[in-house]
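User: Could you walk me through a few contacts in this model? I'd like to start with charged pairs and then move on to helix packing.
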Amino acid sequence: MWRLLIISALTALTWADTDRGQGLLARFGETGDPRLAATALRIFALEKKVDVIKQKLHDADKFDPAHFVSELDSLVTRAEGNGCADRQFQCGGSDRECISDLFVCDGHNDCENDHDEDDDVCSTDAVKAGNVFTGTVTWHSCLPIEDRVTRIAIIGTKRVKFFTSRVRVTAQISVDHVEGADHHVETNTFTAAGFFNFGTRRLVLFPGAGKLKNVGVVCEFNRGDNERADCTLGYKASKNTCAHALLHLQD
Amino acid sequence: PLPLTSVEQAASTYFGALRLNLKMKILIVLAALAGFIAITSASGCDKLQRLKVKSQWSRAYSSGHDREDFSQAIWRAIFAQVPDARALFKKVGGDDTTSADFVAHSLRVLAGFDITISLLDQPDALQAELTHLKKQHDERHIPDNYFEAFRLALGHVLPAQLGRCWDKKAWSDCFEVIAHGIQGH
């Protein structure tokens with residue numbers, strides 16, 4: 001039995017020609033105790049297994065069941081509607097109650113179940129200054145513009161103490177476009193101001209200058225997280241939609 | 001240095017006076033300009049701004065339950081700034097803005113505000129209404145900062161309610177007209 005172990009240990013050592021293996025071999029020589037050597041080998045094998053598990057953990061990070069279920073929930077809710085008017089907030093849960101979006105996250109409990117002041121609902125993670133959302137904007141009317149990679153960078157936020165149901169947001173919108181014979185990429189940048197509405201989970205921005213002077217950008221965080229938003233570009237006055245984009249938070 | 005001749009002396013005083021004259025002229029022009037700017041900014045809320053405020057107000061003021069919510073949001077924003085102001089509304093349930101008494105009262109107040117805004121384009125009638133409201137407010141000795149709290153509350157709840165297409169300048173100019181009319185200064 002011991003002989004078998006020692007032989008297999010030696011094979012393992014010759015196979016694993018690493019620093020660790022050589023250290024093992026040295027210790028092996030010092031002690032000369034086959035039982036200790038076998039334990040060392042077992043430890044070595046365990047270390048290998050831990051490495052494999054580490055890799056698996058890393059891969060598992062890409063699949064988040066709770067996140068997936070939350071996304072599915074949001075999509076189904078959007079498809080079936082929540083029974084509330086456009087600018088209202090559904091308290092959810094077992095009691096179906098609609099309240100005005102002016103009351104969501106304003107510090108008063110307005111829902112019977114207090115859902116309008118939940119930490120999840122009132123998270124400002126989506127519009128933290130420094131967040132950059134990227135995606136391709138596809139125009140289907142209003143302006144003859146081909147599909148363009150667009151970034152929305154949140155550069156500043158302000159939330160007044162006496163009216164907390166909105167976050168005032170300043171953002172920089174940059175649009176990449178290909179120019180010239182050498183097809184180099186140029187970027188147009190303009191600042192936009194607007195607000196984030198907790199009740200509707202919408203970030204509304206108005207560029208207010210340049211080609212998009214009369215256009216408003218409405219991004220709805222309707223994918224069950226604070227990282228992806230369905231955005232619509234439309235005329236400010238008529239709300240006629242011009243373009244769509246699915247933006248996601250850059251790492 | 002050589003002593004100046006009388007002619008030279010006369011010339012230097014003449015040119016000195018001329019320079020002073022020019023300086024004064026510039027000053028006068030500047031003062032006139034400053035006065036002009038003061039007058040135009042004091043007389044803000046022109047006819048077009050008044051029409052703008054009227055139409056934007058009718059959108060924000062809305063109707064039915066939305067109006068109750070809008071009013072509630074404004075009063076919460078006021079009391080969040082000046083909690084002491086609740087004392088003025090003790091008789092009408094000011095301790096709890098969601099109480100039936102206070103909801104009724106807050107709607108009455110907004111209805112008064114609605115009258116003044118609706119009359120913005122009829123100066124005589126507006127003046128009469130403002131005089132009436134001033135009389136109602138005088139006996140309550142409302143501090144100026146409460147009016148300021150109302151202005152700020154409106155300045156934040158209005159754009160939240162309207163979402164887009166609201167003119168901040170027109171609102172601040174025309175609010176001044178109404179607030180001054182009620183305060184009397």
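**Salt bridges and helix packing**

Analyst: To begin with, and bearing in mind that this is a predicted model, Arg151(B) and Glu148(B) form a salt bridge in which the closest N and O atoms are 2.8 Å apart.

User: How far apart are Arg151(B) and Glu148(B) along the helix?

Analyst: Both sit in helix H6 (residues 144-162) of chain B, and because they are three residues apart there, about one helical turn separates them. Arg151(B) is partly exposed at 26% relative accessibility, and Glu148(B) is also partly exposed, at 34%.

User: ok, and which parts of the chain does the pair Lys54(B) and Asp121(B) link?

Analyst: The side chains of Lys54(B) and Asp121(B) meet in a salt bridge at 3.0 Å, N to O. That pair links distant parts of the chain, with Lys54(B) in helix H2 (residues 47-61) of chain B and Asp121(B) in the loop between H4 and helix H5 (123-138) of chain B, 67 residues apart.

User: How many salt bridges over all chains?

Analyst: The count comes to 19 salt bridges over all chains.

User: Switching to packing: at what angle do H4 and H7 of chain B cross?

Analyst: The axes of helix H4 (residues 100-118) and helix H7 (residues 168-183) of chain B cross at roughly 105° and come within 11 Å, and the two helices are therefore roughly perpendicular to each other.

User: Which residues meet there?

Analyst: From H4(B), Phe113(B), Thr116(B) and Ile117(B) meet Trp171(B), Phe175(B) and Ile178(B) of H7(B). By class, this contact has five nonpolar residues, one polar residue and no charged residues.

Methods. Residues numbered from 1 in each chain as written. Chains lettered and ligands numbered in written order. Predicted model: local features only at pLDDT ≥ 70, side-chain atom pairs only at ≥ 80, totals over all residues. Heavy atoms only, no water. Axes fitted to C-alpha atoms, helices over the stretch in contact; angles between N-to-C directions. Helix = DSSP H or I, 4+ residues; strand = E, 2+ residues; numbered from the N terminus. Parallel < 35°, antiparallel > 145°, perpendicular 65-115°, else oblique. Contact = heavy atoms within 4.5 Å. Nonpolar A, V, L, I, M, F, W, Y, C, P; charged D, E, K, R; others polar. Salt bridge = Lys/Arg side-chain N within 4 Å of Asp/Glu carboxyl O. Buried < 20%, exposed > 50% of the residue type's maximum accessible area, 1.4 Å probe, protein only.
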